[in-house]
Amino acid sequence: MIKSLFSDDLPRSVVLSVILGVILVCLALAPFLFPGVRTVDTAARICIFIVLVASYDLLLGYGGIVSFAHTMFFGVGAYGVALALTHMGRGFDAIVVGALSGAVVSAVLALVIGLFSLRVRAIFFAMITLAVASAVAVLVSQMSGLTGGEDGLTFKTPRALTPAFKFGGELFGVKLNGKLLAYYFVFFGALVLFLLMLRVVNSPFGRVLQAIRENDFRAEAIGYRVVYYRVAATCLSAAAAALAGSLYAVWLRYVGPDTTLSMEIMIDILLMVVIGGMGTMYGAVIGATLFVVAQNYLQNLMGAAAGLVEGVPLLPDLLNADRWLLWLGVLFILSVYFFPTGVVGRLRAGR
Amino acid sequence: MSDPILTLDGVFTNIAQYHILQGVDLQVPRRQVTMLLGRNGVGKTTTLRSVIGHWRARQGTIRFDGQDITRMPTPAIARAGIGFVPEDMGIFADLTVEENMVLAAASGPIDPGRLEWIFGAFPPLKTFWTSEAGNLSGGQKQMLSIARAMIEERKLYLIDEPTKGLAPAIISTMARALRELKAQGASILLVEQNFAVAKALGDTANVMDDGRVIWSGPMAQLARDAGLQEQLMGLSLEAH
């Protein structure tokens, strides 16, 4: 049962299984284990970024295709839901329509970009995605009538997903309200999408993708049409990223260029894939969790550490909470140095 | 003799600015092992790669089984019935032996009878069936590379130096497998530097020099005639 749920692709390392199990339990019970607006928000972001990073891993780790347009697809999905909820009213039907149209538009965009550029060389694809993503980001901020421009869009989600919606009293001291439902909407949405992607990469289609990544000419000489497979992977990955974007929109009840389309997020995704381990899917879970937690809590941790070493020369300055980006950078360098194949690659090799 | 399975007619192929093939004429008869011989750098590998479509012939025609494949895309050429074993083996190192074989059987599930036959010819593949192909030894990788081409029946096999760099014991395993393939009635175009293997397997021989086929004839005749070998390939193959 579990084997088939995980598409026969088990973590293959005891330590990795334990870590993944802990992450799963923490995310599944986050509102009860770590009650608080900020912690639950962090957990929801982790869920969403796991899907987003896994969809990028499908492209980069399994297909060997470098894209810089992944946040664009993420944004298309988020704006799809935002626009649907704005114009169709706050119903679940609007979420479905918005998410599906976001996924379809993303897949079509990926198809067009892919057919134009993947025919030639994968590097052109990277360059074209960069250009298209920048163009779309500018377009979104310019078309303020539709997209709210730089301010973005604030919208209402279905009442059942808002804090105002109450059902029953408390459970283990946690209020049973719509925000809790919204969290589980995000959690289960992310879980299903992740397991689906795990299925894709372990299907015959995924194997051909891996073969193409390793030796595209050889795959062609066996009889596989490399372009079709690459384009299909791009479309799938784009649709999955869009669905992650839709979850994000439902969670935040806001979309804006900075939260969904920025180059910064693109770089974050790249780092999460690399830190977690490319071509493993589970790397997305580890990478996203580490990264989002560090982004949200490194400042606090450093503040506390600075307090502890007060009076010692130099150290409090170095550990000043304002220097958190410096330490994040140091963490990246160390992780790339010690885990060149990502955390997952390292744990699997060490078994 | 029936019409050849593969015919190259005045094929010219460039790689960047280099003119590698300069009018290759070659015929591969059906159900025979055709050897492609010659010194290093005369265009043997390029000839195979031009057939499979990795390098495009600039001029000339390549006909396979009655069909002009000169401008066809590589996957279509492969699906028309050509199995290719490249010199660099091209195995998928991150995938298991099993996954490599499943991928190679591009037209459907693996035929169990054929797989048993391959296991018989290359026992290590059975032993390491679920191991990552990247962990195999050089000889085992070569076995896998040939097995991948053999897993489905093809009309023609293009095999590039299958014994290169292998230990003598593995070379004889390789030769035995190729002999079995031949016994099944396969047509094979084989590039081989090991003259003993060439002599044992080849029916006809084609010797290339400077981007052309300069001599064609029965392998037995070439094997007998040390003077001819010296003249064609610039070395006495009797020494081998």
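Student: What is the relative accessible area of Leu315(A)?

Tutor: In this predicted model, local features need pLDDT of at least 70 and side-chain atom pairs count only at pLDDT 80 or more, while totals for chains, interfaces and linings use all residues; side-chain values use heavy atoms, with hydrogens and water left out. Residues are numbered from 1 along each chain as its sequence is written, and chains are lettered from A and ligands numbered from 1 in the order in which they are written. Leu315(A) is placed in helix α16 of chain A, where helices (H or I, at least four residues) and strands (E, at least two) are DSSP runs numbered from the N terminus. The residue counts as partly exposed, a class between buried (under 20% relative accessible area) and exposed (over 50%), with a 1.4 Å probe and protein chains only, because its relative accessible area is 36%.

Student: Which helix gives the most to the nonpolar patch?

Tutor: Patches are made of residues with over 30% relative accessible area and no salt bridge; like charges are joined within 9 Å, and nonpolar side chains (Val, Leu, Ile, Met, Phe, Trp, Tyr) within 5 Å. This nonpolar patch includes Val312(A), Leu315(A) and Phe339(A), and its residues together have about 910 Å² of accessible area, computed by the Shrake-Rupley method with a 1.4 Å probe and, for residues, only the protein chains shown as cover. Both α16 (315–318) and α17 (324–338) of chain A supply at least two residues each. The most, five residues, come from α17(A).

Student: Where is Arg159(A), a residue of the positive surface patch, found?

Tutor: The positive patch is formed by Arg90(A), Lys156(A), Arg159(A), Lys166(A) and Lys175(A); Lys and Arg count as positive and Asp and Glu as negative, with His and the chain ends not counted, and the place of a charge is NZ of Lys, CZ of Arg, CG of Asp or CD of Glu. Arg159(A) counts as partly exposed because its relative accessibility is 48%. Its location is the loop of chain A between β1 (153–154) and β2 (166–171).

Student: How far apart are the C-alpha atoms of Cys47(A) and Gly245(A)?

Tutor: Cys47(A) belongs to helix α4 (residues 37–62) of chain A and counts as buried because its relative accessibility is 2%. Leaving aside neighbours within four places in sequence, its contacts (heavy atoms within 4.5 Å) are Leu27(A), Tyr183(A), Val186(A), Phe187(A) and Ala190(A). Gly245(A) is 198 residues from Cys47(A) along the chain, and the separation of their C-alpha atoms is 11 Å.

Student: Which residues does Thr71(A) touch, not counting residues up to four places away in sequence?

Tutor: Thr71(A) lies in helix α5 (residues 70–88) of chain A. A relative accessibility of 2% is the reason why Thr71(A) counts as buried. The residues it touches, not counting those up to four places away in sequence, are Thr260(A), Leu261(A), Ser262(A), Ile265(A), Met266(A) and Ile269(A).

Student: What is the phi of Glu161(B), which is not a glycine?

Tutor: Glu161(B) lies in the loop between β7 and α7 of chain B. The residue is buried because its relative accessible area is 8%. Although Glu161(B) is not a glycine, its phi is positive, at about 45°.

Student: Which residue of chain B forms a salt bridge with Arg207(A)?

Tutor: The structure holds 11 salt bridges over all chains, each a side-chain nitrogen of Lys or Arg within 4 Å of a carboxyl oxygen of Asp or Glu. Arg207(A) has its closest N and O atoms 2.6 Å apart in its salt bridge with Glu99(B). The pair crosses between chains, from helix α10 (residues 204–214) of chain A to helix α3 of chain B. Both partners are buried, Arg207(A) and likewise Glu99(B).

Student: How many residues apart in sequence are the parts tied together by Asp65(B) and Arg30(B)?

Tutor: Asp65(B) forms a salt bridge with Arg30(B), with the closest N and O atoms 2.9 Å apart. Asp65(B) is in the loop between β4 (57–64) and β5 (67–68) of chain B and Arg30(B) in the loop between β2 (18–28) and β3 (33–37) of chain B, so the parts tied together are apart in sequence by 35 residues.
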